[in-house]
Amino acid sequence: MRGFKPVGHVIGRLTAALGIAMLVPTLLDQFDEAPGWTGFLIAAVLTVVAGVVLAMATRSGRGRNLDRREALILTVMVWVVLPVFGALPFVFSAPYAGYTDAFFEAMSGLTTTGATVFEDLENQPRGMLLWRAMLQWFGGVGIVVVAMVFLPALKIGGMQFFRSEGFDLLGDILPRAAETATQISGIYAALTVGCILGYAAAGMSAFDAICHAMTTVSTGGLGNYDDSFTGMPAAAQYVAVVFMALAALPFLRLMQATRGNVQPLWRDSQVRAFFGVIATVAAVLVIWRVTQADRPLEEAFRRSLFNVTSILTGTGYSVGDFFRWGSFATAIFFILALIGGCAGSTSCSAKVFRYQILFASLLVQLRRVHTPHGVHPLRYQGRTVDPDVLSSVMAFFVIFIVSIALWAVLLSLNGMDTLSAVSGAVAALGNVGPGLGPDIGPAGNYAEVEPAAKWILAFGMVLGRLEFLSVLVLFTPLFWRR
């Protein structure tokens with residue numbers, strides 16, 4: 001195996017770019033005369049220097065293609081190294097967090113999880129709020145590139161099914177990644193601008209519109225207020241629903257739509273299923289809220305639609321404390337957190353397409369029981385599903401379920417009650433953000449969670465964001481053998 005210089009060079013350049021990005025909230029805090037702007041500057045300098053040194057030390061690897069093993073290492077290390085440096089502004093500037101809390105917040109941002117340890121957000125410096133939003137915005141576009149370029153090439157979690165749709169690039173990963181990232185960034189930026197304008201038109205301030213647009217399009221959910229979207233205008237809540245849903249669609253289909261070919265977007269079965277879940281579950285909750293809680297129809301419709309879309313896409317915003325809606329609604333939201341949006345989007349969790357393949361496989365098995373001598377090929381979106389795709393999907397679900405159980409046990413051992421431990425495991429591994437219960441639920445945060453539990457949750461965030469197997473394979477001896 002050729003060394004790891006290409007990996008180190010890419011990580012060095014990304015780290016330096018992250019440090020340069022820190023100058024934006026630095027200037028904002030300086031303009032506001034906030035006391036922590038010098039801390040942002042120190043963090044920016046340290047990050048840029050570290051990135052430049054690493055990039056220079058590995059410059060001989062510049063432009064070199066990656067093999068499969070190097071691509072896996074790069075995919076994981078980006079989401080490990082960048083939070084290490086992304087946490088520094090929280091350490092050196094207001095609210096002057098300890099490194100555990102700072103790393104938790106940075107990892108939550110870059111993995112677009114949306115869990116937070118910070119309180120009294122309304123009174124925090126604007127630079128800190130902007131940096132949280134920027135971390136999620138960077139993480140959102142980054143995960144789309146990973147989902148469209150790296151995971152299909154590496155055959156992770158059934159994503160290889162999408163290789164034939166224009167992204168079969170093993171052996172030429174870096175050049176194609178740059179090309180794809182450029183196309184994705186254009187769409188991503190356009191969605192962000194549209195969301196900013198929508199929020200501004202709905203009555204948000206310019207600063208709130210910018211921050212919330214970045215965390216909406218990234219389906220991240222870190223907001224500027226402790227009560228999330230509850231205090232936002234009703235029109236802004238509808239705008240959020242639209243852009244959360246758009247960001248959870250396959251970016252490949254959005255790219256095709258921008259070129260004038262809209263039909264593949266609606267013909268994509270996971271897109272239809274995604275909107276079908278939103279419509280069905282929202283309608284059920286509206287009926288539940290109107291009949292059981294005697295809420296006004298428009299309020300019940302808006303809040304149900306908003307919260308369903310937010311949890312299904314993994315954004316994690318909330319309007320009101322839906323944990324108090326009753327056990328029926330709580331069970332529904334728990335299930336939604338296990339589903340997620342579409343493949344190749346900023347969304348998270350298991351993804352719709354995996355459930356579709358799983359159910360299609362179940363139907364095939366039932367047909368084989370009924371007609372054992374018949375030929376029953378497994379098909380999805382009109383194409384035959386290869387055995388390795390089905391095997392990868394099954395492996396994903398097994399590790400997903402086992403990880404939730406393991407994380408719930410570990411969190412319970414660190415002081416969490418059963419509901420918080422199980423929902424916290426799902427929230428971290430599914431990158432959803434809020435759990436259930438009075439502490440980590442939609443009306444709470446992770447501030448009072450034990451330090452050890454925060455590190456467990458942070459590791460769960462990166463594990464779930466990178467589809468489990470791409471991280472776990474690094475811990476096998478076979479991976480490191482030549």
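This is a predicted model: local features need pLDDT of at least 70, side-chain atom pairs count only at pLDDT 80 or more; totals for chains, interfaces and linings use all residues.
Axes here are lines fitted to C-alpha atoms, for helices over the stretch in contact, and angles run from 0 to 180 degrees between N-to-C directions.

The opening pair is α7, residues 126-154, and α9, residues 206-217. Their axes come within 7 Å and cross at roughly 30 degrees. Angles under 35 degrees count as roughly parallel, so α7 is roughly parallel to α9. The crossing of α7 past α9 is left-handed. On the α7 side, the contact is made by R126, L129, L130, A133, M134, Q136 and W137. On the α9 side, F207, C211, M214 and T215 take part. By class, this contact of α7 with α9 divides into 8 nonpolar, 2 polar and 1 charged residue.

Next, α6 and α19. Helix α6 covers residues 99-110 and helix α19 covers residues 451-465. Here the axes come within 10 Å, and the crossing is at roughly 20 degrees. That makes α6 roughly parallel to α19. The handedness of the α6 and α19 crossing is left-handed. From α6, the residues in the contact are Y99, T100, D101, F103, F104, M107 and S108. They meet P451, K454, W455, L457, A458, M461 and V462 in α19.

The remaining pair is α13, residues 269-292, with α14, residues 297-313. These two pack at an angle of about 140 degrees, with their axes 8 Å apart. How does that angle classify? Over 145 degrees would count as roughly antiparallel, and α13 and α14 are therefore oblique to each other. Their crossing is right-handed. α13 brings F274, V277, I278, V281, A282, L285, V286, R289 and V290 to the contact. α14 brings L297, A300, F301, S304, L305, V308, T309, L312 and T313. Of the residues in the contact of α13 with α14, 14 are nonpolar, 3 polar and 1 charged.

Now the voids. How many cavities of 30 Å³ or more are there? The count comes to 3. I'll take the second largest cavity, which holds about 90 Å³ of space. Its lining consists of I311, F322, F333, F334, A337, S423, V426, A427, V432, P434, G435 and L436. The elements giving two or more residues to that lining are α15, residues 327-337, and α18, residues 418-429. By class, the lining of this cavity has 10 nonpolar, 2 polar and no charged residues.

Then the open sites. The second largest pocket has a volume of about 530 Å³. It is lined by 36 residues. Which of them lie nearest the centre of that pocket? Those are D439, I440, G444, N445 and Y446. The lining of the second largest pocket splits into 14 nonpolar, 14 polar and 8 charged residues.

To close, a recap of the geometry. α7 with α9 is roughly parallel, α6 with α19 is roughly parallel, and α13 with α14 is oblique. For the voids, the lining of the second largest cavity has no charged residues, whereas the lining of the second largest pocket has 8.

Technical notes: Residues are numbered from 1 along each chain as its sequence is written. Side-chain values use heavy atoms; hydrogens and water are left out. Helices (H or I, at least four residues) and strands (E, at least two) are DSSP runs, numbered from the N terminus. Angles under 35 degrees count as roughly parallel, over 145 as roughly antiparallel, 65 to 115 as roughly perpendicular and the rest as oblique. A crossing is left-handed if the near helix is turned anticlockwise from the far one by less than a right angle, and right-handed if clockwise. Contact means heavy atoms within 4.5 Å. Ala, Val, Leu, Ile, Met, Phe, Trp, Tyr, Cys and Pro count as nonpolar, Asp, Glu, Lys and Arg as charged, and the others, Gly among them, as polar. On a 1 Å grid over the protein atoms alone, a cavity is a set of points where a 1.4 Å probe fits but cannot get out, and a pocket is an open set with protein on both sides within 12 Å along at least five of seven lines; lining residues have an atom within 4 Å of a point. Grid points are joined across faces, edges and corners, and a volume is the space filled by probe spheres set on the points.
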